[in-house]
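Dear colleague,

I am passing the structure on to you with this message, and you will find the sequence and the coordinates just below. After them I have set out what was found, one part at a time.

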Amino acid sequence: MSDVTKTIQKWHASFSKGTDFDSWGQLVEAIDEYQILARHLQKEVQSTNSTNFTEDQKKTLGKFATCLELRSASLQCSQPTEDFRLEELKTLEPIIKNILTYNKEFPFDVQPVPLRKILAPGEEENLELEEEEDAAAGAGSAETFPSQVSGTLLPRLPSEPSMTLLTLRIDKIGLKDAGQCIDPYMTISVKDVNGIDVNQVQDTPLATRKEDTYIHFSVEVEIQKHVEKLPKGAAIFFEFKHYKPKKRFTSTKCFAFMEMDEIKPGPIVIELYRKPTDYKRKKLQLMTKKPLYLHLHQTLHKDS
């Protein structure tokens, strides 16, 4: 059996595993499987040395990865606006199984995922050595980032009587290699106890500047649910992401989270944890023993 055939069989097995999890209602596991497979397919699409697949086959693999991303996004959103259904995804199984002989039009009008890609969950543990290699450039003193990336922050919700809204100002994050982080930003999400999104995920714009061991954001994030309506056991997650030019993707470097009993007005400093992001908060590992944290400020708005 050739290496290409083995690779295709692995992809097909991964696809079947993901759709099985999906049909059983094991959404977190399905999302992980879809995102990991999407990443593997995209790696193949972006590879300039690979001669295993034709350009047309690579385009098909890229579109397949997009469909995995769409289904994954659909599962993460509690109120999806554009649902990509499991039944639709399952119709693609013959494509991944027979990619070497598949020569029909792709059944969905989608485009391959962009060149820059966020790394899938479960793949980041092995990147410590790569990160050290990427950190070859020396840490600068103070540097300002370009402002071309505007982020996806949302406006504050309308006020409701006796209901509380939370504004979080992300001031800065402390990192020992802050000077080497390229295009850093934060992804903010609210997850329930099972790690499922409670409301829409938001990205900050790129950080405003970096200085010594700090990256400064100075940006306000409006949590898209009244505090009283957040489910019991929920947490607000902050994922610090940066671009890795050698690998051509955006990677999560570390994360932090704030639990419901920590919501109170004023400044708060929270600990940083090692990737991959553990939305269920079961296997947490501190990023460093050094006194480096995420610095936030909370403002509560309540109509009496």
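Please keep in mind while reading that this is a predicted model. I begin with His216, which lies in strand S6, the stretch that covers residues 214-222. His216 is buried, its relative accessible area being 13%, and a residue counts as buried when that value is under 20%. Once its neighbours within four places in sequence are left aside, the residues in contact with His216 are Asp171, Lys172, Ala207, Thr208, Arg209 and Glu211.

Helix H1 (residues 3-24) and helix H2 (residues 27-46) have axes that come within 8 Å of each other and cross at roughly 155 degrees. Because angles over 145 degrees count as roughly antiparallel, H1 is described as roughly antiparallel to H2. On the H1 side the contact is made by Trp11, Ser14, Phe15, Lys17, Gly18, Thr19, Phe21 and Asp22, while H2 contributes Leu27, Glu29, Ala30, Glu33, Tyr34, Leu37, His40, Leu41 and Glu44. Sorted by class, the contact of H1 with H2 consists of eight nonpolar, four polar and five charged residues.

Phe64 belongs to helix H3, which spans residues 55-76, and with a relative accessibility of 1% Phe64 counts as buried. If residues up to four places away in sequence are not counted, Phe64 touches Phe15, Leu41, Leu92, Ile95, Ile96 and Phe106; of these, Phe15 of H1 and Leu41 of H2 also take part in the contact described above. The C-alpha atom of Phe64 is separated by 8.7 Å from that of Val110, although the two residues are 46 residues apart along the chain.

Note on methods:
Residues are numbered from 1 along each chain as its sequence is written. This is a predicted model: local features need pLDDT of at least 70, side-chain atom pairs count only at pLDDT 80 or more; totals for chains, interfaces and linings use all residues. Side-chain values use heavy atoms; hydrogens and water are left out. Axes are lines fitted to C-alpha atoms, for helices over the stretch in contact, and angles run from 0 to 180 degrees between N-to-C directions. Helices (H or I, at least four residues) and strands (E, at least two) are DSSP runs, numbered from the N terminus. Angles under 35 degrees count as roughly parallel, over 145 as roughly antiparallel, 65 to 115 as roughly perpendicular and the rest as oblique. Contact means heavy atoms within 4.5 Å. Ala, Val, Leu, Ile, Met, Phe, Trp, Tyr, Cys and Pro count as nonpolar, Asp, Glu, Lys and Arg as charged, and the others, Gly among them, as polar. Buried means under 20% relative accessible area, exposed over 50%, partly exposed in between (1.4 Å probe, protein chains only).
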